[in-house]
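Here are my notes on the structure, as numbered points.

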Amino acid sequence: MADIAAVPLTPTSPPHGTLARAERFVWLTARVLEQRLFAHHFRDGAAGPVETALEAYRNADGGYGHALEPALRGPASLPAHTARALHVLDSVARCDARRAEDVCRYLTSVSTTEGALTAIRPEAALPAVRPAGSGDAAVRLPGALSATAPVVGLLHRNEVWHPWLFRATDFCWQAVESLDAARPGDVVAAVLFLDHAPDRARAEAAAERLGHLVRRERLVVLDPDAPGARSAASTAPGSVPGHTPGDRRFPHDYARTPDSLARAWFTDAETERSLDVLAAGQQADGGWPARRLPGAPEPAPAALLEARPIATIEALRTLAAYGRSLA
């Protein structure tokens, strides 16, 4: 394999800076899709190559599969894969109505009667569980906010309208406004919905209530210097290197950009300490550890390798959104 030094870097990039180290990691370990995404976000790359790489994961039913979400293996379309596809398209400003129509057709076929998407079934992560394009006609689980809200939020962000989206939006409102004891993953999903829900006054009121819940239930680490708060997954007993097994969340996990409704939940000092933790999470190889997908089994080595570049790009985007230097 050609040495990574052959990959052109911006002339002003310090060779040992945050971005240069992350770039080396991405080019050595990432799939083509994440390499194209990195180029788009940080090296002025075009959106077209990202779309081309993403197309390889799309199935005839309008959904996405083939381990697009690395923790879930096999070719079959799953809502989690489709959620990642929408996230990719949104990040390169290519989530248009035509593409969203195909996606919503698939989502309609796998949603509950109330329009909700179901949580991940562990057996769905196994290879060849069912043929690609066969739909989700197997066991239907109850709808889950964690699966539905991010998809609905992204579609609203891109001003998509579809019959399925009306039902799914109603489900999200009911689920968000009834949260009184939540897991961090549910709150993260709720924020992704509230940040883009059309009814802004209602979204702001719901977000304020969630912020109080997060602090009251201690669903966030506000003191990074507390014992165990900064413990790296790679050094935790029995953990997989490069993998964050727990559900410990910091302010930046909820407020991924400064304009998120969740940003108001935290003081400037709390946010800055959180970003310090995120910046310090870059590992010796230049990448960030991947968080375990809720409901998915312990990742195989191949899945972990594919997930870490995704986590790395997201960490860099969050730091950049808050104006942190990547040099």
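1. A charge is taken to sit over a ring if NZ of Lys or CZ of Arg is within 6 Å of the ring centre and within 35 degrees of the ring normal. In this predicted model, Arg202 lies over the face of Trp173, at 4.2 Å from the ring centre.

2. Trp173 also has an aromatic partner. The ring centres of Trp173 and Phe193 are 5.0 Å apart and the planes stand at 80°, so the pair is edge-to-face. This pair connects distant parts of the chain, with Trp173 in helix 7 (residues 163-177) and Phe193 in helix 8 (residues 184-194), 20 residues apart. Trp173 and Phe193 are both buried.

3. How many aromatic pairs does a search of the whole structure find? The search finds 6. In one of them, Phe38 with Phe42, the ring centres are 5.1 Å apart and the planes are at 45°, so the pair is tilted. Phe38 and Phe42 both belong to helix 2 and are 4 residues apart, about one turn of the helix. An α-helix has 3.6 residues a turn, so residues three or four places apart point the same way. Both Phe38 and Phe42 are buried. Elsewhere, Tyr254, Trp265 and Phe266 make up one aromatic cluster.

4. The structure holds 22 salt bridges. One of them joins Asp102 to Arg58, with the closest N and O atoms 3.9 Å apart. Asp102 is in helix 5 and Arg58 is in the loop between helix 3 and helix 4, so the pair ties together parts that are 44 residues apart in sequence. The cut-off for a salt bridge is 4 Å, and the value for this pair is 3.9 Å. Both partners are partly exposed: Asp102 has a relative accessibility of 23%, and Arg58 has 31%.

5. Arg84 and Glu69 form another salt bridge, with the closest N and O atoms at 3.1 Å. Arg84 is in helix 4 and Glu69 in the loop between helix 3 and helix 4, 15 residues apart, and the pair links distant parts of the chain. The cut-off for buried is under 20%.

6. A further salt bridge joins Asp253 and Arg291, at 3.5 Å from N to O. Here too distant parts of the chain are linked: Asp253 is in helix 10 (residues 251-254) and Arg291 in strand 2 (residues 290-291), 38 residues apart. Asp253 is buried, at 13% relative accessibility, whereas Arg291 is partly exposed, at 31%. Shared partners in salt bridges also join Glu51, Glu55, Arg58, Arg94, Arg99, Asp102 and Arg105 into one network.

7. How many disulfides are there? The count is 0. Cys104 is in no disulfide, and the nearest cysteine sulfur, that of Cys95, is 8.5 Å away. A disulfide would need the two sulfur atoms within 2.5 Å. Cys104 is buried, with a relative accessible area of 0%. Cys172 is likewise buried, at 0% relative accessibility.

8. Helix 1 (residues 18-29) has 12 residues, which at 1.5 Å a residue should span 16 Å; the end C-alpha atoms are 17 Å apart, which agrees. Which residues in helix 1 are buried? They are Thr18, Leu19, Ala20, Ala22, Glu23, Phe25 and Val26. These buried residues pack against helix 2 and helix 12 (301-321).

9. Two residues other than glycine deserve a look for their backbone. Asp44 has a positive phi, near 60°. Asp44 sits in the loop between helix 2 (32-42) and helix 3 (48-55), and counts as exposed at 77% relative accessibility. Ala93 also has a positive phi, of about 60°, although it is not a glycine. Ala93 is in the loop between helix 4 (79-91) and helix 5 (97-110), and is exposed, with a relative accessible area of 63%.

How values were computed: Residues are numbered from 1 along each chain as its sequence is written. This is a predicted model: local features need pLDDT of at least 70, side-chain atom pairs count only at pLDDT 80 or more; totals for chains, interfaces and linings use all residues. Side-chain values use heavy atoms; hydrogens and water are left out. Buried means under 20% relative accessible area, exposed over 50%, partly exposed in between (1.4 Å probe, protein chains only). The expected span of a helix is 1.5 Å times one less than its number of residues. Contact means heavy atoms within 4.5 Å. A salt bridge is a side-chain nitrogen of Lys or Arg within 4 Å of a carboxyl oxygen of Asp or Glu. Rings of Phe, Tyr and Trp (its six-membered ring) pair if their centres lie within 6.5 Å; planes under 30 degrees apart count as stacked, over 60 as edge-to-face and the rest as tilted.
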